[in-house]
Amino acid sequence: MSDLSKAIDQSADSPALSSAIKKAARHLMPMLIILYFVAFLDRTNVGFAEEALEMDRGISAAAFAFGAGVFFIGYAIFEIPSNLLLKRFGARFWLARIAITWGIVASAFAFTTNDTMFIVLRFLLGVTEAGLFPGVIMFLAEWFPNKVRVQMFALFYLAQPFSQMLGAPLSGGLISFGDQVTPFHGWQVMFFVEGMMAVVAGIAAIFLLTDSPQKAKWLDDDEKAALTRVMEQEDEVRSADGPSGVWKAMANWKVWYFTIIYFCLQIAVYGTTFYLPQQVAGLLGQSVGWQVGLVSAIPWLVGLFACYLFGRRANTVRRRRGYGTVFFLLTGVFILGSALAGAAGQPILGILCITIAVASFLSVGPITWSFPTAFLTGAAAAAGIGLINSLGNLGGFVAPIMRTAVNEAVPTDSGAWGVVSLGVFAFLAAAMFWATRFFRAKADALLEEPAPQH
């Protein structure tokens, strides 16, 4: 082990550092989880309104599929600029700005009138939300040492199952409430209320986030010094192991390698997420509403526990690589299983397969991000993390279009072949993730010994 690794290990044992990490998690993670909760909710609640938008506004299936995916075009174009602006203005201000502006756009979906307006709003939603997820990943990489970083990524990722576990019945409930109690369509009430939730969260972020350990009033001097010292030491390793500057980061082969992995993951994630309410409704033989919303929450509830459990355990390079490879494989296998169960008319088996697939791709996300954040820092991190997330998230643009195209080319009552086309990409990601064992990274030395659980 290098002298630097020993120094970091010794620092990691200090009570001041342990206390600083616990305080940082307690003060920062709830707000970050809330931001991603409403972001993921506003990004995916369109799945609950598909049939209603077609009936009430004449939104075609093709426009819906394109609009669901065009979000990621705006997201990709503005992702890196947004990350660079976050570095300039600070996470507290910039993350709040993102939440407020996307909340306004999300609420505007309540006034959708035709295909064009729907597509334009989906594009603007991507533009306004660009930078939130990679900004938080970069923010956490500047606050938490490598050994505990996946734990924090996993806590942040809990917003996804929370948003679907609570958001599915919330969206279904708002639709039912709007149809039965208000003079508006239920889908209009859903879009407006959930969009305003983002605006409120953005305002709260201004007061509850802190840009750096040095500015944290809730850390004492010893805690600030211990945390700052370890993060500076890790920055030395990352600077020596990775690219420096924006352009070198964007040209780095490892950045592109993880971009492909993340692209494959997002095809599986969003191809499943966008259509989960419809898939569950098809398995149950019911229309989308309160009951379908409750059943749709089951996979996310299981995924919540899986994500947190394996995030805590993934504190060495070997564990991260092993867990990641297995979870990618499980994602692919059980997406295929859900398609076969749907074709065979087996609702319980289908929901079980969806549940395991969701738990697997939720668990692998935080582990995947631990690799690029181990060799990217500074402006290179802003560009590299932004590139991985923006181009990787184009999988969310490809997934619904590909699923629709495959179903049209090979039509079945269950739409099984469209689902199958999504699961295949998880197997490619598994092979690439396993191949990272041939990488040689100086940051790996920082993970030779398991860290205490926080």
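Because F133 belongs to helix α7 and Y157 to helix α8 (residues 146-157), the pair ties together parts that are 24 residues apart in sequence. Both F133 and Y157 are buried (under 20% relative accessible area, with exposed over 50% and partly exposed in between; 1.4 Å probe, protein chains only). One aromatic cluster is formed by Y36, F40, F133, F156, Y157, Y262, W300, F361 and W369.

As the model is predicted, local features need pLDDT of at least 70 and side-chain atom pairs count only at pLDDT 80 or more, whereas totals for chains, interfaces and linings use all residues. Residues are numbered from 1 along each chain as its sequence is written, and side-chain values use heavy atoms, with hydrogens and water left out.

Charged side chains were also found over rings (NZ of Lys or CZ of Arg within 6 Å of the ring centre and within 35 degrees of the ring normal). The charged end of R97 is placed over the ring of W94, 4.4 Å from its centre, and K254 lies over the face of F375, at 5.4 Å from the ring centre.

The protein contains 21 helices and 0 strands, taken as DSSP runs numbered from the N terminus (helices H or I, at least four residues; strands E, at least two). Of its 454 residues, 61% count as buried. Among contacts (heavy atoms within 4.5 Å) with a separation of 6 or more, 84% join residues 24 or more positions apart. S14, in the loop between α1 (3-12) and α2 (15-44), is buried, with a relative accessible area of 17%. The C-alpha atoms of S14 and E223 are 9.5 Å apart, although 209 residues separate the two in sequence.

The second largest pocket is lined by 25 residues, with E142, D211, S212, P213 and Q214 nearest its centre. Helices α4 (61-89), α7 (132-143), α12 (221-241) and α19 (378-392) each give two or more residues to this lining. A pocket is an open set of points on a 1 Å grid over the protein atoms alone, where a 1.4 Å probe fits, with protein on both sides within 12 Å along at least five of seven lines; lining residues have an atom within 4 Å of a point.

Notes
Rings of Phe, Tyr and Trp (its six-membered ring) pair if their centres lie within 6.5 Å; planes under 30 degrees apart count as stacked, over 60 as edge-to-face and the rest as tilted.
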